[in-house]
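Thank you for making time for this.

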Amino acid sequence: MKTYFVRTFGCQMNKHDSERIVGMLESQGLSRAEEPDSADVIVFNTCCVREHADERLRGQVSSLKRLKTAGATPLIAVGGCIGQRDGERLLEQLPHVDVVFGTHNLAHLPALLESARAARTPVVEVLEASADFASDLPSKREHDWHAWVPIMVGCDNFCSYCIVPFVRGRERSRPFEQVTRECEKLSSEGVLEVTLLGQNVNSYGRDLYGEPRFADLLRAVAATGIARVRFVTSHPKDISPATIEAMAETPEVCQYLHLPVQSGSDRILEAMNRGYTQAHYMSVVESLYDRMPELALSTDVIVGFPGETDDDFEATMEVVRQARYDQAFTFIYSPREGTAAARLDDTPPREVTRERFDALVQEVQSSALRKNVAYVGSTHSILVEGLSKRDDSMLSGRTASNKVVHAPLPPGTSVESLAGRFADVTIEEAQTWFLLGRGG
Ligand code: SAH
Ligand code: SF4
Ligand code: F3S
């Protein structure tokens, strides 16, 4: 086994896990292949939050069958949330898979690959819960200047549509000092930005300390020398005034918040088991803007949940009109076997859901553009990521508020000398999903 190829689906937690997978494979002496066709080991780190993610995995793994028949014998491993959910069953659908692993045993992947290779039969290992946090494993970060730092794993919320609690297990926080020590180390290695990860960061610490300690953690991480501190995901029922205060008072904490609303209708929110009302959500939004008038806010919305009427959808639109979102991730409800909502019927007709979805996307776009237009004429510090994918005479980076900014590469400079550094950019033009500016 000399080369590897890792493909990642799903959320930031999976991206982080993949950095650990790559770190382990490289520490075993494997090097990266440009494409699956030339790899000795192909790893799929999977997601099953919606049907679409499942389908993509099946398509991609099936297309690799040709490699197995063409004489080369790469090992194919499927891990992450689908591995955790399906275990042994996955081999019935995809018999040419060699290793199935789950969300709790990343660390065993090298050993599982080795036994599959030696035994020439598929190996399946799925555990109920994990002993360690993946952060204790080696990591190969995608960017030198950014690190994902998990502060908790799992989820206890059981929103009625959601598979995550079933595939990620119960909520477990990582000890406070372990998180701050890791951030100190990252800072000394030159990392400028960390993203603290958890399915519900606002309940961080409840299992360890008997009360949430997320606000304290934010302040402590900001004191480790990291320039920008981000975090996902916040739950509207658990975000506390103390957290809002810590965000507002700590300059290193980015004034950007992802606060999934899912629906604006109290009836649907109840059926979703979200634990808040539209009024509560909007009061949180108001107190956020009171303390942080420049805050960038994003959300997730599900359209077409069972029982959703025109009035329910209108309540969602009302929230989107009021909340001044910078961005919203919009999803069509996808029933997931084993969740409580999968037993509900009365799913709105496909065309109705489609129409609602399109109207929602329109509203989100106008809101995003309104927020961006307000940037024109002001100067912001961006963390330069590299050349723009659309135009290689332009640099791209992000503001603390997570806005993508493109600006011309200053004459006589190279992208290598600027990537991974801060630069001041004056914004000259606003588009829906990005800003255009000029250095200085
Ligand atoms: N823990 C996070 C993210 C969970 S998954 C949170 O609570 O916000 C990311 C998003 O996927 C969710 O916010 C939700 O909008 C969407 N999602 C989850 N399950 C879904 C389903 N069955 N159908 C459609 N969208 C879903
Ligand atoms: Fe899923 Fe709800 Fe947990 Fe988020 S909080 S991961 S939506 S169960
Ligand atoms: Fe998907 Fe698993 Fe994340 S189901 S959204 S990769 S926790």
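How many residues surround ligand 1, and which of them are the closest? Please keep in mind, as we look, that this is a predicted model. The answer is that 15 residues surround ligand 1, and the closest are R50, Q199, Q262, D300 and S334.

Let me take the individual contacts in turn. R50 places a polar side-chain atom 2.9 Å from an oxygen atom of ligand 1, whereas Y161 approaches through its backbone, with an N or O atom that lies 3.1 Å from a nitrogen atom of the ligand. S334 also uses a backbone N or O atom, and in this case the distance to a nitrogen atom of ligand 1 is 2.7 Å. As for the surface of this ligand, 540 Å² is exposed when ligand 1 is taken alone, and the protein buries 90% of that. Two elements give two or more residues to the shell around ligand 1, namely strand 13, which covers 296–303, and strand 14, which covers 327–332. By residue class, that shell divides into seven nonpolar, four polar and four charged residues.

Turning to ligand 2, the residues around this ligand are C155, N157, F158, C159, Y161, C162, V164, P165, Q199, H235 and R274. Here the division is into seven nonpolar residues, three polar and one charged.

The structure holds one cavity of 30 Å³ or more, and the volume of the largest cavity is about 30 Å³. Its lining is made up of D54, L57, R58, I82, R85, D86, L90, Q93 and L94, which divide into four nonpolar, one polar and four charged residues. Helix 2 (51–62), helix 4 (80–86) and helix 5 (90–93) each supply at least two residues of that lining.

Finally, let me step back to the whole protein, in which there are 16 helices and 19 strands. The radius of gyration is 22 Å, close to the 22 Å that the globule rule gives for 440 residues, so the protein is as compact as a globular protein of that length. Along its principal axes, the C-alpha trace spans about 60 × 60 × 45 Å.

Terms used
Residues numbered from 1 in each chain as written. Chains lettered and ligands numbered in written order. Predicted model: local features only at pLDDT ≥ 70, side-chain atom pairs only at ≥ 80, totals over all residues. Heavy atoms only, no water. 1 Å grid on protein atoms, 1.4 Å probe; cavity = no way out; pocket = protein on both sides within 12 Å on 5 of 7 lines; lining within 4 Å. Points joined across faces, edges and corners; volume = space filled by probe spheres on them. Helix = DSSP H or I, 4+ residues; strand = E, 2+ residues; numbered from the N terminus. Nonpolar A, V, L, I, M, F, W, Y, C, P; charged D, E, K, R; others polar. Near = heavy atom within 4 Å. Polar contact = N/O pair within 3.5 Å; in protein donor to acceptor, adjacent residues only side chain to side chain. Areas by Shrake-Rupley, 256 points an atom, 1.4 Å probe, with all protein chains shown as cover. Rg over C-alpha atoms; globule rule 2.2 N^0.38 Å.
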